[in-house]
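Trainee: I've just opened this one and would like a walk through it. Could we start with the pocket?

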Amino acid sequence: GTVPVALVVVDSSLDQILQRVHARCCEHLSRHKIPRKFVQVASIPRNTYGKIDRAQLKVLAQSMFPSQ
């Protein structure tokens with residue numbers, strides 16, 4: 001199956017942010033939806049309307065984890 005991955009833009013202490021993000025995911029998501037990996041990225045790709053470009057996110061994640 002697919003493994004959830006979270007791409008995170010961080011400008012401060014990565015460890016603290018990831019702990020908070022993981023805790024928040026545990027509070028609000030089903031167990032199978034909690035990301036198994038958290039990856040720091042410089043920015044989230046956006047389309048011309050300023051919305052998150054999900055297709056580019058998928059390409060970015062697949063380039064980081066080619067086997068998934």
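Mentor: Helix H2 gives the most to the lining of the largest pocket, supplying five residues, where a helix is a DSSP run of H or I with at least four residues and a strand a run of E with at least two, numbered from the N terminus. This is a predicted model, in which local features need pLDDT of at least 70, side-chain atom pairs count only at pLDDT 80 or more, and totals for chains, interfaces and linings use all residues. Residues are numbered from 1 along each chain as its sequence is written, and side-chain values use heavy atoms, with hydrogens and water left out.

Trainee: Which elements each supply at least two residues of that lining?

Mentor: Those are strand S1 (5-9) and helix H2 (54-64).

Trainee: And what kinds of residues make up the lining?

Mentor: They divide into nine nonpolar, three polar and two charged; Ala, Val, Leu, Ile, Met, Phe, Trp, Tyr, Cys and Pro count as nonpolar, Asp, Glu, Lys and Arg as charged, and the others, Gly among them, as polar.

Trainee: New topic: where is tyrosine 49, and is tyrosine 49 buried or exposed?

Mentor: Tyrosine 49 sits in the loop between strand S2 (37-41) and H2, and it counts as exposed because its relative accessibility is 73%, given that exposed means over 50%, buried under 20% and partly exposed in between, with a 1.4 Å probe and protein chains only.

Trainee: How much of the protein is buried?

Mentor: Buried residues make up 19% of the 68 residues.

Trainee: What pattern does the protein follow along the sequence?

Mentor: Read that way, the pattern is β-α-β-α, with two helices and two strands in the protein.
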